[in-house]
Amino acid sequence: MSEQDVLNPKHMPSNPEQATLEGKNKFLGFWFFLGGETVLFASLFGTYLALRDSTNGGASSQDLFGLELVFIMTMLLLTSSLTSVYAMYHMKNNDFKRMMIWLGITVALGLGFLGFEIYEFVHYIHDYEFTMRSSAFGSAFYTLVGFHGGHVVFGLSWIIALMFRNAKRGLNLYNAPKFYIASLYWHFIDVVWVFIFTVVYLMGVL
Amino acid sequence: MKDWMGKIRTLSLFSFLVLILSACGKENLTALAPKGYGAQQSMTVIIVSILVMTVVFIVVMIIFLYVMMKFRRKKVGEGHIPQQVEGNHKLEVIWTVIPILLLIIIAIPTVAVTYDLADESQMEDSININVTGLQFWWNFEYANEEIQTSQELYIPVDERVYLNMISNDVIHSFWVPTISGKMDVNPDNENTMYIEAHEEGVYWGKCAEFCGDSHSLMDFKIVVVSQDEYDQWVAAMQDTDPEYTAEAAEGQELFANSCISCHAIDASSTNPVVGPNLADFGNRAMIAGVRDFNKENLVEWILDPASIKPGNGMLGAPYLEENSISEEEASQIADFLMELKATEEPVDSVEHFRENESVHSN
Amino acid sequence: MSTLVANEKKGFGSTIWDYLTTVDHKKIAILYLIAGGFFFLLGGLEALAIRVQLIKPMNDFVSAGFYNELITMHGTTMIFLAAMPLIFAFMNAVVPLQIGARDVAFPFLNSLGFWLFLFGGILLNVGWFTGGAADAGWTAYTPLSTTSPGHGVDYYVLGLQISGAGTLMGGINFLVTIINMRAPGMTYMRMPLFTWTAFVASALILFAFPALTVGLFLMMFDRMFDSVFFDAAMGGNSVIWQHLFWIFGHPEVYILILPAFGIFSEIIATFSKKRLFGYTAMVFATVLIGFLGFMVWAHHMFTVGMGPAANSIFAVATMAIAVPTGIKIFNWLFTLWGGNIQINTAMLWALGFIPSFTIGGMTGVMLAAASADYQYHDTYFVIAHFHYVIVGGVVFGLLAGTHYFWPKMFGTILDETLGKITFWLFFIGFHMTFFIQHFLGLMGMPRRYWVFLEGQGLDLGNLISSIGAFLMGIATIILLINVVKTSVKNEKVGADPWDARTLEWAIPSPPPFYNFKQLPLVRGLDPLWIEKTEGRKGMTPAEPLGDIHMPNNSFLPFIMSVGFFIAGLGFIYQKDNLAWLSAVFIGMGIALGCMLVRSLKDDLGYHIHKEDLQKEAKE
């Protein structure tokens with residue numbers, strides 16, 4: 001049996017992402033990685049909470065944040081998490097085409113989120129002259145939210161790259177774990193945003 | 001509580017004496033022969049913990065040495081295959097429970113003293129001193145007395161003194177081992193500690209938090225004086241005059257041209273903290289905190305402060321950049337500075353310190 | 001690529017290429033050993049320079065600025081570039097063998113982790129040649145570090161960031177390897193203690209390093225992009241750094257010491273010819289130490305002004321760690337009890353460790369007492385304490401491991417006579433250097449002091465300390481001579497030179513690149529010992545002979561690390577000249593490009609065929 005046959009069985013198993021040892025390792029290793037990422041964001045949240053009132057006389061969270069925009073962003077990202085679940089559902093049913101469609105929708109929603117975030121930052125910088133240099137609060141805000149934004153960019157690039165690479169050859173046991181952990185990453189980004197929405201924006205406006 | 005801590009102190013008096021007798025360092029620097037409340041309290045905890053830990057160490061060493069003598073291959077024979085023991089629950093319970101009990105013995109005085117040393121209940125009725133740490137010197141402002149001085153902190157004996165400490169640049173740490181444990185001096189928030197010295201004298205203070213090139217030379221002194229001396233000193237400091245006319249007139253003029261923008265010569269607390277306050281300079285125990293008090297050292301300091309404290313704040317002084325002060329002029333400035341005294345004579349302990357302590361710096 | 005290539009003679013060039021591209025955990029172990037050893041020597045030289053400077057009062061052997069660079073780089077190098085990689089060397093060399101695996105879970109990441117560490121380490125040291133290395137202490141407390149002029153601290157930030165990323169990958173790799181790749185029958189409670197400690201240390205790496213990552217990012221932003229996290233004048237707070245650093249820094253201590261404990265457990269059991277006493281308790285003590293390690297970071301900050309409540313809580317929590325550590329000491333003693341103790345060099349280090357580390361543990365409890373720590377903090381007492389645990393624990397463990405695992409890694413045994421001379425010189429020098437420092441601290445000598453004044457009663461103690469340091473230096477040179485001598489002599493030994501107990505000794509020394517021809521069947525703790533006592537020569541296989549799947553070598557990890565290195569230089573120098581931003585883009589482009597290639601190019605590995613394995617067996 002050649003490698004290709006092993007990875008393209010006649011009947012795809014119901015958990016293609018964990019059908020091989022490599023897949024199992026990736027799956028577990030990625031969960032651990034997300035554990036580390038959790039500590040990373042926890043540290044950033046801790047720093048933000050310590051500095052969020054240190055506005056140095058400049059713009060404060062009450063001056064800056066408007067919940068309408070953030071609400072739209074939250075909806076976009078939450079929905080994209082749901083659509084990536086659909087994509088994984090179709091992956092497990094070995095329906096490559098539908099998986100690609102739902103991943104496409106996920107990417108579109110993510111890009112929408114990113115657009116709003118860029119608009120938000122530009123708005124703060126131009127209309128409030130609020131940058132990461134203006135106060136410790138500014139430093140902490142842009143670093144925390146910016147780190148999340150960076151994760152969104154990386155996640156989108158990753159999913160798009162995987163989609164292009166595998167567009168023609170369909171699903172197999174080699175790329176299934178890759179799709180799966182990319183979607184895990186996407187969920188993680190979504191969960192972090194829920195905390196940012198609560199800790200930064202809701203608590204900032206109240 | 002206090003009682004049985006006292007008992008432990010008595011019990012351990014012997015070992016304590018042994019420590020003192022076996023040269024435990026310079027008497028006005030070491031933490032091992034405390035002469036202040038904080039240092040004594042810390043010492044109690046140190047002794048309790050060292051005694052308990054020594055017991056543990058002895059037990060470990062006895063088993064270790066016994067095992068080493070008894071079960072060497074030479075003793076038990078080349079081919080001996082020992083019994084493959086899995087463990088022993090009774091033993092394991094013993095060496096879990098006993099250490100817990102021993103730790104409780106240490107933990108109780110630890111927590112008690114930690115709270116005791118953080119006590120701020122007497123703050124309002126005590127002397128309050130605002131301490132500022134700067135690279136690489138210390139400023140002391142007496143909040144109620146409205147005076148300030150630098151490098152040498154005067155406090156009355158047996159009196160609780162509260163220090164409210166903040167840094168103007170990086171983190172420093174205020175430590176006078178013989179009087180009290182240390183507390184960090186942070187740039188972002190004020191830290192408060194109290195000290196109480198039980199014996200008159202001059203004590204060495206050290207900066208204990210790494211703060212740059214001259215961290216090791218950021219020494220200061222605590223001058224512990226009698227209540228009378230303290231009151232006289234405060235009154236004299238309150239009386240220092242910025243318009244004072246010195247005998248060393250040339251020196252004063254040079255000082256007015258090159259130095260006064262950073263160094264005040266009166267002790268008023270309204271003077272901004274830029275360079276060390278020199279109102280009582282003539283009564284200092286040391287020059288720059290690390291040199292014997294004499295004119296030679298002072299001249300050297302004026303001409304080349306970098307050679308004594310690398311990276312110190314005076315290196316940016318215009319007179320140094322322009323090289324505008326000659327050796328003779330420096331000598332005149334030194335004459336003027338050594339004339340700056342709040343009281344006629346230094347207090348007894350400073351006099352004693354100058355006579356008996358020498359750091360032989362070249 | 002389906003033929004066996006292990007036995008072919010190779011030219012120098014192809015050996016180098018092999019090591020640059022290898023994903024074999026045993027070769028990566030050797031790379032870690034060489035690189036870690038190199039940095040250990042470098043850190044040692046820095047230490048000697050420090051001790052020369054402090055040999056007499058008011059010495060002027062080095063300037064204040066250079067001294068600060070020496071102490072900073074000594075600490076940083078020893079912790080991040082010597083101790084960590086040497087631990088990784090043994091984890092790589094031994095853990096897969098001990099659990100009966102053919103490789104680690106992520107061979108590619110394993111290689112990437114090494115190269116990131118190496119290039120991060122090099123970047124840290126580039127500062128020496130470009131106007132000054134980092135000079136704010138290995139703890140790099142803000143705002144001293146954020147305001148330190150020049151680029152020294154920039155090298156620290158970027159260098160640690162890159163090598164830290166490598167370490168994190170290593171941690172994840174070993175977690176997954178140990179969970180997913182154990183041989184049949186190798187249950188968790190049959191794993192050798194070294195594997196257990198590697199497992200817990202990996203978990204600590206995973207949860208501790210991200211805090212450092214964040215701290216370093218904040219420092220990088222403050223220094224390079226004018227953010228104000230640590231600038232009190234702009235509302236920043238310098239204590240945040242201390243929290244982040246120690247949330248990482250305290251677990252880091254256990255990351256280092258736990259695998260050393262593991263090495264000692266293997267050695268003591270082997271050379272007492274006894275099963276480890278209280279194995280279950282040892283495992284739980286390890287896990288407990290790892291867990292408590294995250295609860296105690298603020299005991300490094302008792303004098304920061306956290307208030308009596310926080311100080312008391314952290315004091316008591318810290319004392320609690322003494323309990324599982326004590327359990328370990330007693331279990332080792334009772335492993336020795338009733339044993340058949342053979343004393344060779346590896347065992348000497350293990351035996352020397354017990355009293356040395358006990359002293360370190362004693363002073364650890366003393367330091368935990370917050371109200372006593374007001375006197376100890378930031379003095380030579382602390383220096384003495386952590387050298388007693390890091391040298392007396394970790395370095396002794398690494399040297400013990402070097403002697404013990406050397407046959408498995410290289411197929412030869414290090415010279416015993418030279419080994420014993422090294423031990424005694426080092427052991428005596430170590431205690432001379434550091435025991436006296438407890439007293440120096442209490443006598444009023446703070447740490448990081450470039451000079452101490454005359455007439456402070458500190459002269460004799462410092463002189464003794466410096467002499468001791470030189471003894472350790474000589475001992476290290478003898479160890480090097482030993483390594484060279486043994487390698488030149490090249491007397492090969494068999495699979496099991498120590499009459500040992502665990503799986504790694506069931507296969508040839510050094511092992512073939514696929515480790516186990518057939519995965520072994522594990523029937524209990526100390527599996528090899530069980531088979532030997534039942535009169536068998538080796539392990540019973542758990543599977544019929546079959547094809548073995550192996551990963552392909554790759555040059556990508558090396559290139560990717562070079563990319564990050566270039567980007568690091570770019571970040572540092574864009575402060576002076578924005579043209580350096582091009583280096584950032586080029587470097588990141590290389591690194592991200594490599595990631596893309598890795599993600600998109602199929603890398604399915606290859607198979608060693610059954611027939612080739614049979615042929616090899618006959619030869």
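A salt bridge, as used here, is a side-chain nitrogen of Lys or Arg within 4 Å of a carboxyl oxygen of Asp or Glu. Chain B and chain C have one between them: the side chains of C:Arg275 and B:Glu86 meet at 3.9 Å, N to O. Keep in mind that this is a predicted model, where local features need pLDDT of at least 70, side-chain atom pairs count only at pLDDT 80 or more, and totals for chains, interfaces and linings use all residues. Residues are numbered from 1 along each chain as its sequence is written, chains are lettered from A and ligands numbered from 1 in the order in which they are written, and side-chain values use heavy atoms, with hydrogens and water left out.

Let's stay with chains B and C. Counting contact as heavy atoms within 4.5 Å, 89 residues of chain B and 90 residues of chain C take part. How big is that in area? On the chain B side, B:Arg73, B:Trp95 and B:Phe210 supply 11% of what chain B buries against chain C, more than any other three residues.

Now hop over to chains C and A. Each gives 40 residues to the contact, and they bury about 3200 Å², 69% of it from carbon and sulfur atoms. C:Phe229, C:Leu600 and C:Leu604 account for 16% of the area chain C buries against chain A, more than any other three residues. There are three salt bridges across this interface. C:Asp226 and A:Arg133 form a salt bridge through their side chains, at 3.8 Å from N to O.

Finally, look inside chain B. Strands here are DSSP runs (E, at least two residues), numbered from the N terminus, and two strands pair if DSSP finds at least two bridges between them. Pairing in a sheet goes through backbone hydrogen bonds, either parallel or antiparallel. Chain B has an open sheet of five strands in the order 3-2-1-5-8, with mixed pairing. Strand 3 (147-150) and strand 8 (191-195) of chain B are the edges, each pairing on one side only. Strand 8 of chain B pairs with strand 5 (residues 161-167) of chain B in the antiparallel sense, over five bridges. Within that pairing, B:Met165 stands opposite B:Asn191 of strand 8.

Terms used. Buried area is the accessible area (1.4 Å probe) that two parts lose on being put together, summed over both. Helices (H or I, at least four residues) and strands (E, at least two) are DSSP runs, numbered from the N terminus.
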